[in-house]
Amino acid sequence: MLLKNFIMEDYIMLKIIFGTFLVVFVAELGDKTQIATMLMAAENNSIWPVFIGASFALICSSLVGVFLGSMLSRYVPPNLIQNSAAIAFIIIGILLLFKKI
């Protein structure tokens, strides 16, 4: 019985991990992150430093997102979080358009 509980907990954890991977992977395809990374690789003509930097940035931003999301969802309605994220995306897009970042 104890072994069955451990196996079930592992299954649930792996399901969450793979589900999260799939959602984030699909969301990032063709996203501003991927486009910015392609531009950086083209400008620098060096793929490995760009890959390592982009990977580290994605890990750090995901960590911040997980912690902030879990804390914010306790106090802020989800629609306010979504609207704020939309505004942030617009601002980042404008800054990229005018090459400010």
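This is a predicted model: local features need pLDDT of at least 70, side-chain atom pairs count only at pLDDT 80 or more; totals for chains, interfaces and linings use all residues.

Colleague: Where does lysine 99 lie?

Modeller: In the segment after helix 4, which covers residues 78–97. Lysine 99 is a residue other than glycine with a positive phi.

Colleague: Is lysine 99 buried or exposed?

Modeller: Exposed. Its relative accessible area is 72%, and the cut-off for exposed is over 50%.

Colleague: Which residue follows helix 2 with a positive phi?

Modeller: Asparagine 45 follows helix 2, with phi near 55°. Asparagine 45 is also a residue other than glycine.

Colleague: Where is asparagine 45 placed?

Modeller: In the loop between helix 2 and helix 3, the latter being residues 47–72. Asparagine 45 is exposed, at 73% relative accessible area.

Colleague: Helix lengths next. What does helix 4 span?

Modeller: The end C-alpha atoms of helix 4 are 29 Å apart. Its 20 residues should span 28 Å at 1.5 Å a residue, so the two agree.

Colleague: And how far does helix 2 reach?

Modeller: Helix 2 takes in residues 32–44, 13 residues in all. It reaches 18 Å from its first C-alpha to its last, close to the 18 Å expected.

Colleague: Zoom out. How many helices and strands are there in the chain?

Modeller: Four helices and zero strands. From the N terminus on, the elements run α-α-α-α.

Colleague: What share of the residues is buried?

Modeller: Buried residues make up 1% of the 101 residues. Buried here is under 20% relative accessible area.

Colleague: Take isoleucine 91. Where is its place?

Modeller: In helix 4. Isoleucine 91 is partly exposed, with a relative accessible area of 46%.

Colleague: Rings now. How many aromatic pairs does the count come to?

Modeller: Two aromatic pairs. In one, phenylalanine 21 and phenylalanine 25 have ring centres 5.6 Å apart and planes at 15°, so the pair is stacked. The cut-off for stacked is planes under 30 degrees apart.

Colleague: Where do phenylalanine 21 and phenylalanine 25 lie?

Modeller: Both lie in helix 1, residues 2–28. They are four residues apart, about one turn of the helix. Phenylalanine 21 counts as exposed at 53% relative accessibility, and phenylalanine 25 counts as partly exposed at 45%.

Colleague: Which residues form the edge-to-face pair?

Modeller: Tryptophan 48 and phenylalanine 51, at 5.8 Å centre to centre with 90° between the planes. Both lie in helix 3, three residues apart, about one turn of the helix.

Colleague: How accessible is tryptophan 48?

Modeller: Its relative accessibility is 56%, so tryptophan 48 counts as exposed. Phenylalanine 51 is partly exposed, with a relative accessible area of 49%.

Colleague: What separates phenylalanine 51 from methionine 38?

Modeller: Their C-alpha atoms are separated by 9.6 Å, and the residues are 13 apart along the chain.

Colleague: Last one. How far apart are phenylalanine 89 and lysine 32?

Modeller: In sequence, 57 residues. In space, 9.0 Å from C-alpha to C-alpha.

Colleague: And where is the place of phenylalanine 89?

Modeller: In helix 4. Phenylalanine 89 is partly exposed, with a relative accessible area of 47%.

How values were computed
Residues are numbered from 1 along each chain as its sequence is written. Side-chain values use heavy atoms; hydrogens and water are left out. Helices (H or I, at least four residues) and strands (E, at least two) are DSSP runs, numbered from the N terminus. The expected span of a helix is 1.5 Å times one less than its number of residues. Buried means under 20% relative accessible area, exposed over 50%, partly exposed in between (1.4 Å probe, protein chains only). Rings of Phe, Tyr and Trp (its six-membered ring) pair if their centres lie within 6.5 Å; planes under 30 degrees apart count as stacked, over 60 as edge-to-face and the rest as tilted.
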